[in-house]
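Hi,

Here is the structure I promised to pass on. Have a look, and my notes follow below.

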Amino acid sequence: MASGNEYFRTSGPSHLRSVDWNNAFHRRSVAASLVKGVYELEGDRQAGRQGSQSLAPPWWEFFHFELIYQLVDDDDDSIFGAIFRYNPPAYSYHRTIDRSPPYVIAFRGTLMKSGSFARDLDLDIQIIKNGLHQTSRFATAMKAAQAVVTAVGPSNLWLAGHSLGAAMAMLTGKTMAKAGKFLEAFLFNPPHVSPPVNHIVKDKKVRHGLRFAGTIIKAGLAFAAAGDDQKKGIEYEDSLAAISGWIPRLFVNQADPICSEYIGYFEHRKKLQDIGATSIARLTSQFSLGNMFMSAAGIKGVENSEPLHLLPSANLTVNLSPSEDFLEAHELCQWWRQDLNLKCSVYEYK
């Protein structure tokens with residue numbers, strides 16, 4: 001039996017009866033709704049709901065999208081993503097239609113249901129171990145994105161995802177960007193694999209001190225690297241510079257320890273640039289301290305490749321509204337609420 005938040009008419013952004021594609025709130029709400037639709041696709045599959053009993057379709061049909069393909073995980077047959085096509089109604093407001101997405105690929109996050117949880121949890125662990133790029137789920141996602149881009153071009157495709165799905169969308173977007181194809185991306189509560197300093201330490205001066213100490217450690221480890229590691233550092237820098245023109249939209253909640261470290265990641269890099277330490281900022285932005293320590297400790301399975309969460313540029317939106325607990329701070333539904341206290345910043349790689 002459905003719990004209630006699966007129903008679009010009571011839980012979704014049904015107030016958006018006319019979408020203004022120039023409105024950032026409208027675009028964000030639609031992207032989040034499509035992701036929610038993917039959650040419900042898998043929920044329908046596991047519950048055996050079909051036809052008129054299905055709860056998923058209203059999440060995209062309300063905004064005149066059509067489901068054209070489901071992305072299925074090879075390991076457990078769960079639906080983890082979907083390709084949607086926009087079919088604007090004849091009465092559309094044509095001044096804003098140019099900013100609408102002809103196609104959207106949306107990815108759900110971890111679903112706490114028995115038919116998919118084990119596989120989702122394994123992929124969550126792969127994010128921590130920096131191995132998501134080696135999974136069959138990513139291969140399926142990448143194949144779908146490449147097919148759509150080949151058919152309609154990169155400017156006609158959006159990526160969207162929440163939590164684990166945001167990581168999948170981010171990795172897909174980064175990979176496409178390295179090939180010179182920049183896709184619009186809406187990443188809700190994307191995982192950042194580092195201690196959530198912003199969430200744990202409340203004093204700004206202490207946070208800055210901890211981040212500066214981390215910067216010194218990373219710089220020292222980077223300078224001490226030799227041989228292949230030095231070459232790898234150069235490759236990372238070249239990679240970051242190559243995709244610096246890709247500016248994905250990140251949506252994070254300051255009270256969510258899974259994603260809140262993006263706030264400090266970008267703010268600290270900007271502080272280093274402001275004091276003239278741009279070269280240090282560029283050097284240390286190529287490395288993850290967590291990955292460095294896990295590799296040095298000999299933890300098996302930690303991939304020594306470019307960490308997923310390292311982004312050169314981003315359009316970062318932070319939800320500053322209070323949350324009752326972690327679960328509320330991590331919820332997808334917050335991103336279509338109208339009463340949010342948001343802080344928006346654009347960070348570009350220099």
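Is Glu 184 buried, partly exposed or exposed? Glu 184 has 27% relative accessibility, so the label is partly exposed; the cut-offs are under 20% for buried, over 50% for exposed and partly exposed in between, with a 1.4 Å probe and protein chains only.

Before the rest, some ground rules. This is a predicted model, where local features need pLDDT of at least 70 and side-chain atom pairs count only at pLDDT 80 or more, while totals for chains, interfaces and linings use all residues. Residues are numbered from 1 along each chain as its sequence is written, and side-chain values use heavy atoms, with hydrogens and water left out.

Overall, the protein chain has 13 helices and eight strands (DSSP runs numbered from the N terminus: H or I of at least four residues for helices, E of at least two for strands). Of its 350 residues, 53% count as buried.

Now the sheet. Eight strands form an open sheet with mixed pairing, in the order S1-S2-S3-S4-S5-S6-S7-S8 (to pair, two strands need at least two DSSP bridges between them). S1 (65-72) and S8 (342-347) are at the edges with a single partner strand each, so one side of each has no neighbour in the sheet. S2 (residues 79-86) and S3 (residues 103-107) pair in the antiparallel sense over five bridges, and Phe 84 has Val 104 in S3 as its bridge partner.

On to the salt bridges (a side-chain nitrogen of Lys or Arg within 4 Å of a carboxyl oxygen of Asp or Glu). The count is twelve. Back to Glu 184: its side chain meets that of Arg 249 in a salt bridge at 2.7 Å, N to O. Arg 249 sits in strand S6 and Glu 184 in strand S5, so this pair ties together parts 65 residues apart in sequence. Arg 249 is buried, at 19% relative accessible area.

Lys 36 and Glu 40 make another salt bridge, with the closest N and O atoms 3.0 Å apart. They are four residues apart in helix H2, which puts about one helical turn between them. Lys 36 is buried at 12% relative accessibility, and Glu 40 is buried too, at 5%.

In helix H4 (residues 117-128), Asp 122 and Arg 119 are three residues apart and form a salt bridge with a closest N and O distance of 3.5 Å. Asp 122 is partly exposed at 33%, whereas Arg 119 is buried at 10%.

Cheers
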